[in-house]
Amino acid sequence: MSEAGGDSKESESAAATGESSTQVSPTQEQGGGEESAQMEYFRRLFARTLGLSQERAAEPEEESSRPQQVLDEVTVEGIAKYIKDGKCKNIVVMTGAGISTSAGIPDFRSPGTGLYDNLQKYNLPNPQAIFEIGFFKENPEPFFALAKELYPGKFKPTWCHYFIKLLSNKGLLLRNFTQNIDTLERVAGVPAGAMVEAHGTFYTAHCLGECRKEYTQEWVKEKVFNDEVPRCPECDGVVKPDIVFFGEAMPAKFFPSVLADFPRCDLLIVMGTSLQVQPFASLVDRVPETCPRLLINREKCGQVDPIMRMLGFGGGMDFDSENNYRDVALLGDCDEGCKALAEMLGWKEELEELVNREHARIEAQIEADNKAAAKTVQAEGAGSAGRTEETTEGASAASTDGNKQESAAATADSSEKLAKSETEEGKSAIPQAGVDATAGSDGVEEQTSVKEDEQKSNEKGPSNL
């Protein structure tokens, strides 16, 4: 580029920033004055960007630099009128853990009650380690112990979930991008096709081993509630719910949906999130420049960082600037915020009816499930008792048979002994031929003596009768 061309560009740049062409730029001074010129240049640049320049404050605002404002007024009432007037048909809702706290599920970062403040019992190197994939592969037990406390099926959706459902019923919901893994959007009836579970879900699970087999939520839940680490029967790999841990890729559906949905968005509603986790947090800048953005949260978040914007790294929400033309913050409890917006829209009774009806249905289902579980336990107990009784009866019968056999054997032995005794007694009572009944133990000698006497008698002749 020629030197003249460079000077021309610098003049145009100076004119565009409202500064005279005679002002100092880093390239206009040489030698010893170059360093001071650069400092002055950057001082003015930061002062303009941060709104600290008195010169810029005195300049009139250029209306042409601000995108078109589509809201009649940049307030919650203005958002409600925008919806009621039918000016938006493609609402994108971004949600975080704050919409589930009223269901009894803790969020992550609230001091004292947040999940990260209550993980000491797991002896983690740091609170976020419980959701780090490297730590999980080495030591999955802490995650599954926590999962037992947070597992879906114990909680009812909140007013926020049903407000999203109501948007869907009215054909206004383009997509719900949620950071939550509790599946309460599904329980509330938000169609699966209208959801992008940006951080995954407990709804399905996969083996981390070689087979990569898919498992259902119910299969994993049974293992978890039995205090077991779910392991694949095929390859013995750990079965992990399909939630996105730190260090894992986003779900395959995430980026295509972002590219397809955010350019079409005509109203962005952000609820219950701190907007601190990327890339989810950056999605607020993906909507068109004219798209209004409503934050329903306990505190402001995702606000523009002047320095990052100056360096070209995107923006954020701009609630407090005088130039704000689209960003509205409805601060407080998320459920109360949804109720207030529903009332402004004329949907209050419809939302209340939906919440009451669905909560009654869920409570009835939970009661029926509990009764069924109790019957199953009772039946199993009865079966176990029956088996125990059968075993006892069998043992008793075997014992009785054994006793009978022992008794019979004893009787037989006794009879045998008695018979033997009687025989011996009989033998003693009946004198044998040639044996003196009073003979002592030496019967043989006695018998010999008798025979000798008989022999002598025979020698004398027959006896006289």
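**Sheets and the helices on them**

Author: Helix H9 (residues 217–225) lies across E4, E5 and E6, running at about 75 degrees to E5. This is a predicted model, in which local features need pLDDT of at least 70 and side-chain atom pairs count only at pLDDT 80 or more, whereas totals for chains, interfaces and linings use all residues. Residues are numbered from 1 along each chain as its sequence is written, and side-chain values use heavy atoms, with hydrogens and water left out.

Helices (H or I, at least four residues) and strands (E, at least two) are DSSP runs numbered from the N terminus. Contact means heavy atoms within 4.5 Å, and angles run from 0 to 180 degrees between N-to-C directions, with axes fitted to C-alpha atoms, for helices over the stretch in contact.

E5, E4 and E6 form, in that order, an open sheet of three strands with antiparallel pairing, where two strands pair if DSSP finds at least two bridges between them. Strand E5 (214–216) and strand E6 (239–243) are the edges, and because each has a single partner strand, one side of each is left without a neighbour in the sheet. From one strand to the next the twist averages 40 degrees. Strand E4 (residues 200–207) is joined to E6 by four bridges, and Ala 205 stands opposite Pro 241 in E6. Helix H6 (residues 141–150) also packs on this sheet, touching E4 and E6, with a direction about 60 degrees from that of E6.

The other sheet to consider is open, has six strands in the order E3-E2-E1-E7-E8-E9, and shows parallel pairing. Its edge strands, E3 (195–197) and E9 (327–331), each pair on one side only, and the twist averages 15 degrees from one strand to the next. Helix H10 (residues 254–261) packs on it, touching strand E1 (91–95), strand E2 (173–178) and E3, and its direction makes about 140 degrees with that of E2.

Within this sheet, E1 pairs in the parallel sense with E2 over five bridges, with Val 92 opposite Arg 175. E1 likewise pairs in the parallel sense with E7 over five bridges, and there Val 93 has Ile 269 as its bridge partner. Five of the five residues of E1 are buried, that is, under 20% relative accessible area (1.4 Å probe, protein chains only). Both faces are covered, with Ile 91, Val 93 and Thr 95 on one side and Val 92 and Met 94 on the other.

Note on methods:
Buried < 20%, exposed > 50% of the residue type's maximum accessible area, 1.4 Å probe, protein only.
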